[in-house]
Amino acid sequence: MKAVGFTEFGGPEVLQVLELPVPDAGPGEVRIRVSAATVNAVDALQRSGPARSPDARPPFVPGMEAAGVVDQIGAGTDTDLNVGDQVIAIVLADGSHGAYAEQIVVPAESVVRAPHGTSDVQAATLPMNGLTARLALDTLGLAAGQTVAVTGAAGAVGGYAVQLAKADGLRVVADASEQDETLVKELGADIVLRRGAEYPDRVRAEVPEGVDGLLDAASLGALTARAVRDKGRVVTLLGYDGPGERGIVYQPIVVFRYAREHAKLDRLRKQVEDGRITLRVARTFPAEQAAEAHRLLAAGGVRGRLVLTF
């Protein structure tokens with residue numbers, strides 16, 4: 001089968017088309033014929049060479065979410081899926097196993113039907129960032145009526161977080177650049193403030209007591225404390241776990257924790273169908289042009305998702 005990956009770490013140019021054996025689904029697993037896989041910041045980090053499993057050997061295939069068709073179900077697998085079903089999956093990429101491939105095998109718990117009425121390209125944008133936003137809000141543990149701040153609200157995780165927070169009954173104070181202000185308002189934010197280092201101070205001007213929790217998708221780090229009330233909580237995505245002040249707790253999260261949370265992924269599917277979540281595609285690329293997609297992602301400013309097609 002065709003896959004896209006790399007044999008040495010480096011820039012986008014190391015990505016190449018590979019020929020790999022077709023994997024078989026074992027007990028508890030589902031094989032998917034992939035038609036769309038998204039390009040994420042995590043994929044770029046893996047490509048540039050952070051630590052991997054000590055047992056992983058090249059070639060390496062990145063990609064953490066995909067959409068396609070079920071084409072094999074492992075013996076004895078407990079699932080309501082059937083061969084031929086349109087599905088989405090979150091993929092824990094390791095070694096030669098990643099979503100940038102014509103066929104992938106994943107645990108049945110990591111797969112749900114694609115939202116009705118969506119294309120594979122659209123549907124592929126949901127699993128990883130949708131579950132990241134869900135995990136972030138679950139970690140904050142806020143009750144309906146409380147206030148959450150979201151940085152990076154125009155991005156993939158931030159945008160889902162705004163919409164999911166509103167679905168949870170929260171009041172949302174989000175950031176945006178001037179050009180993204182209309183978008184973030186359309187996502188449902190109650191208050192939209194200019195992004196940047198002064199955003200926490202602007203939050204305090206609007207919410208003098210401070211917000212109950214904050215999702216830091218823009219990686220403002222320690223600056224976020226200024227926006228949060230005493231004993232509030234901040235969820236971070238890139239591992240920031242700085243010392244709190246005034247009893248504020250910083251909680252780093254990784255989406256791997258929710259990789260087998262089947263019910264939560266299926267709930268996201270239903271929320272797409274109900275119009276509570278908007279799937280945003282910025283641009284598609286044939287899989288062979290993955291390097292160009294990685295370059296565009298690195299340039300920044302992408303609104304919506306970059307998707308590889310197979």
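**Close-up views of a pocket and a cavity**

**View 1. Lining of the largest pocket.** In this predicted model, 49 residues line the largest pocket, and A41, V42, N129, V157 and L238 lie nearest its centre. A pocket is an open set of points on a 1 Å grid over the protein atoms alone, with protein on both sides within 12 Å along at least five of seven lines. Lining residues have an atom within 4 Å of a point. Residues are numbered from 1 along each chain as its sequence is written. Local features need pLDDT of at least 70 and side-chain atom pairs pLDDT 80 or more, while totals for chains, interfaces and linings use all residues; side-chain values use heavy atoms, without hydrogens and water.

**View 2. Space and elements of the largest pocket.** The largest pocket holds about 1,400 Å³ of space. Volume here is the space filled by probe spheres set on the points, which are joined across faces, edges and corners. Two or more lining residues come from each of α1 (41-48), α3 (127-140), α4, β9 (171-176) and β15 (305-309). The largest share, four residues, belongs to α1. Helices (H or I, at least four residues) and strands (E, at least two) are DSSP runs, numbered from the N terminus.

**View 3. The largest cavity.** One cavity of 30 Å³ or more turns up in the whole structure. In a cavity, a 1.4 Å probe fits but cannot get out. The largest cavity contains about 70 Å³ of space. Its lining consists of T125, A156, G159, Y160, Q163, L187, T278, R280, G304 and R305. Helix α4 (residues 156-167) gives the most to this lining, with four residues.
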